[in-house]
Amino acid sequence: MRSFSTARVLLFALGVIVLASFLPLGVSGYILGLLTIAYYFGVFAMSWDLLFGFAGEVNFGPTFLIGTGAYAAGILDNLYQLPIWICLVAGALAAVIGGVVLALPALRVRGPYFGLTTLVAVLMLQNFIVVAAGLTGGEIGLVVPDVISVSDTTNYEIALWFMAISGAILFSLSRSPVGLILQASGQDAVQAGALGFNVTKHKLAAFIISAFFSGLAGALMVFYLGTASVGTLVDITVGVQIIIAAVLGGRRTILGAVLGAIFLIAMSEALRPLGDLSNFVVFAIALIVVLLFPNGLLGLLTGTKENI
Amino acid sequence: MSMAAGAHLEVKGLTKRFGGLVAVKEMALSVRAGEILGLIGPNGSGKSTVMKLIMGIERPDAGSVRINGVEVAGWPSHKIARMGAGIVFQHSRPLHRQTVFENIKLALLPDKLTRLFADPEIDERVRAIAARVGLSAVLDRRPATLPFADLRKIEIAKAIARDPQVLLIDEPFAGLTSKDTAAFSELICELRDDGRAVLLVDHNVKSVARLVDRVLAMYVGECIAEGTADEVMRNETVRRVYLGGSIETAARPESSFRDSIAPFLAVENVSVHYGKAQALENVSIHVHAGEFVSVVGLNGAGKTTLFNTVSGFLPYSGDIRREGASLRGLTAATIARNGIVQCPEGRELFTDMTVRENLDLGGHHLSPAECANQIGWLFDLFPILHDRQKQAAGTLSGGEQQMLTIARALMMKPKLLILDEPTLGLAPVILEQLSKALERLRQTSAISVLLGEQNVTFALPHADRVYVLEHARIVWEGEPARFAAEAGTGYL
Ligand SMILES: Nc1ncnc2c1ncn2[C@@H]1O[C@H](COP(=O)(O)OP(=O)(O)OP(=O)(O)O)[C@@H](O)[C@H]1O
Ligand SMILES: [Mg+2]
C-alpha cells in the first residue's frame, strides 16, 4: 500500500467506482440490493478501521454509533415526518454525540478495559430500544414512513457514491499529517505528547469522524430498508461482522474494509443454501483468511501487484 | 537577579513519590541558554524521573519548573513541549509501523487538526535533519530492521526537529561505539552553541565530563554535589556511591583449562544469513569449561547473531558442539534447560510482572530451597533488586532493568552464561559490582562465561581469552594483555 501515492490510489479507486456504477445495466435488482447493503457495511468497517487501526482504540461496539445514528433518524421521521435530509443530518449528529460519550472512557482507560466499555455501550443501547418500545418499535422494529427511493438502481447509486465519498475522505485523512499524528497517538501516547501533540484532541477527533460516518451510513440504511431493527443494526453479531470485514480486508488500510465487507456479504449469499450452517462457514473462512494472510485481502492484492 | 537571569530552565524543590518510594526529593537545578548541565548518579537515583517531571510526563508532587520564567509544573506534556522543551528518551521508542522518514516527519508536524496536507518544505527539512544526524541512507527503512545506533539517531532527530530551546537527553551514548559517541557529542555541542539549554544524563563519565559545562550528581533522589566536572568527580561521596574503584584484571592462560572430553562449547565454521545479507561468515570459537571468553565487536558486527545462533534461535550452516555433542536439531528451550543460558541485550523482561515474579520464573525448575538460596545470593549481588521486589519490572529504571535481566539469567544456574552487552546503561559503580560478581563466579563455581561487549574496558578484565568480531568474521584471537597492542585501535 505504502508504495502507491495517495492520489494514485484514489484515482484507481475512482475508476473502479465508475465501473461499478454501470452495474445496474447488467445485474438483477436482487444483486443490486445485496451490494447496496455491502456498501453501507463498507462504510461501517472503514469508520471502525480509522478508530482501531489508526487511533489504536479497541472498539468492540461499532454498532453503538451506527444504531444511535440510525434510530435517531428513524424516530424523527416516524414522529414528526421531517424531510429525510433533516433526519439524516440529525442521525449523524446524534452519532457524533454518541462518539463523544464513548470517547470519555477511552481517554481514561486503556486497551481491553475500553473494549469492555464499548460492549457495554451496545448492550445499553439495545436495552434502551427494547424498553422504550413506544418510541423505538422495540423488538419488532421501527417502521419509517419515508424511503429515499423505491428504485433499486437509485438506492444502489446512492450507496455506491456515498461509500466512495466517505472512503475518499477517510482514506485521505489516514494518509494526511493528521493520520500520522493519530497513529503516533495510538502507538505511543507518551511520546506523542512529548512531541507537542495534544493526544486527547486528536483521539476525540477520530471518535467524532468515525461516529459521523457510522451514524450517517446507519441512517441512510434505515431509509433504504424502510425499517430499523436491533437485529440488523445494533446486535453484537453485527458489530463482529463489521470488525471481521475490516480485518479481513486489511487493517490500517481503510480501503481494504470495503473489500472485506463485499467479500463477507457475497459469501453469506453464496452459502445461503447451507441454511443455518452458512454463518458458521463464513466465519470459519474469514478466520482462516485472517490467520493465513495477516495483511488481509488488500495486502494480498497489492502484494501480487508488486511482484509483477 | 544574578547568574540565573535568562536561564532557560529553572527547577526548585521538585519532589516525586511512587507509593512509599521518594524517587526525587527537593531537587533544584538551573540550566542557562548555551549551557550543558550533566546529571549523573547511580542507577535508580532519579535522573530519568527528573527529566520526565520537567517534561510533564510524570506529575510532580511538589516543586516548581520554570521554562523562560513561565511556571509549567503540572502542565500536560504537549503544552510543555510547546513552551520549547524536548526530550530524548532513555529507551528508543520509534513508531514501528512507520518508516524512518515518517518518524522524523511526525516531529515536524504542527498540532493542528486542519492540516490535511503537509507543507512541501517539510520533506526537505526531514532530509536535512536526517543528513545532520547521519540517517540519510536509511530513510525508507522501518525501525525494526535498523541497528541500535540508528534507533538512537532517530530519537535525536525527532528531538531536534522540534527545535527545542530546552533539551533533555537521557543516556544518548549507551550502546554506542566510540565513533558514534564522538559524533553525538559534536552534535550536542552544536546544539548548545546554537544557544539551547541542554540537560544531559549518561553513565559514560568520560564523555560527559568532556562535554558539559557543569555537573550535578544525584543519589537516592537528592543532589549530593554540584560544580565543574572535575570538582564533582573528585567529590568523596560521588566516588563512593557512583564512580567506584577501578576494575582489576586477572587472565588465566588457556593451558590451565583441562576439558575432560572436548571444549564445553565449540562453534565450528558457522555461517548465518539474513536473506541475502551474511551475518556470520565461517565463525569458529571455543570456550573451555570454567573459562571466561569475551567477544569484542562494534554494533552490527554480529555478536548478537552469534549468541542467538548458539542459543538455537537461528538456522545456520556449520556445527555447534557442547562437550563434543552436536546441538543441531535441539530447540532453544532444550538448549537453555541444559545449561546454555543467554542474557539478552534487549532486556526481555515481563514488564507487568514484579521483580520477584521475574526471578521466580527464572528459577522455576529449581527446588524451592535452591531457589530461595539463589535469590538470596542475587539480592546480595544487586541489593537494589531486593528493595524493588514488589515493583513491576516495567517501571524500574533503565539500569535496574539491566540488573534484573542478568539476575534472571543467573537464576537458571547456567553452566555457560552468555551475556550480551551487559554493561548497557549501568553506572560505573554497578559495573564494578558486576565485575566483582563475575570474579566471584569465576572463583567459586565451574561456570563458563561468553561475554559480548563493545565496551572493552569491561570486556578485557573479565576475559581469559578474547575474540574480535568484525563484519561477520573473527579477525583476532588472543590474550587480553595482547589486545591493546594488536587489535585495540578503534575500540580503546
Ligand atoms: N512508575 C514508577 N513506579 C514505581 N517506581 C518507579 C516508577 N518509575 C520509576 N520508579 C523508581 O524510581 C527510581 C528512580 O528511577 P529513574 O528511572 O529516575 O532512575 P535513573 O536515575 O534514571 O536510573 P538509571 O541510571 O538506571 O536509568 C527507581 O528506583 C525506579 O525503580
Ligand atoms: Mg534513567
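**View 1. B:Ser294 stands opposite B:Val466 of strand β19 in chain B.** The model is predicted; local features require pLDDT of at least 70 and side-chain atom pairs pLDDT 80 or more, whereas totals for chains, interfaces and linings use all residues. Strand β13 (residues 292-296) and strand β19 (residues 465-470) of chain B run parallel and are joined by 4 bridges. Strands (E, at least two residues) and helices (H or I, at least four) are DSSP runs numbered from the N terminus, and two strands pair if DSSP finds at least two bridges between them.

**View 2. An open sheet of 6 strands in chain B has the order β16-β17-β18-β13-β19-β20.** Its pairing is mixed. Strands β16 (340-343) and β20 (473-478) of chain B each have a single partner strand and stand at the edges, so one side of each lacks a neighbour in the sheet. From one strand to the next, the twist averages 20 degrees. Angles run from 0 to 180 degrees between N-to-C directions, with axes fitted to C-alpha atoms, for helices over the stretch in contact.

**View 3. Helix α15 (residues 398-411) of chain B packs on the sheet.** The helix touches β16 and β17 (416-420) of chain B, contact meaning heavy atoms within 4.5 Å. The direction of α15 makes about 170 degrees with that of β16(B).

View 4. B:Ser48 belongs to helix α1 (residues 47-55) and B:Gln90 to the loop between β6 (85-88) and α3 (100-108) of chain B, so the pair ties together parts 42 residues apart in sequence. B:Ser48 is buried at 17% relative accessibility, and B:Gln90 is buried at 15% (buried: under 20% relative accessible area, 1.4 Å probe, protein chains only). Residues are numbered from 1 along each chain as its sequence is written, chains are lettered from A and ligands numbered from 1 in the order in which they are written, and side-chain values use heavy atoms, leaving out hydrogens and water.

Key. Buried < 20%, exposed > 50% of the residue type's maximum accessible area, 1.4 Å probe, protein only.
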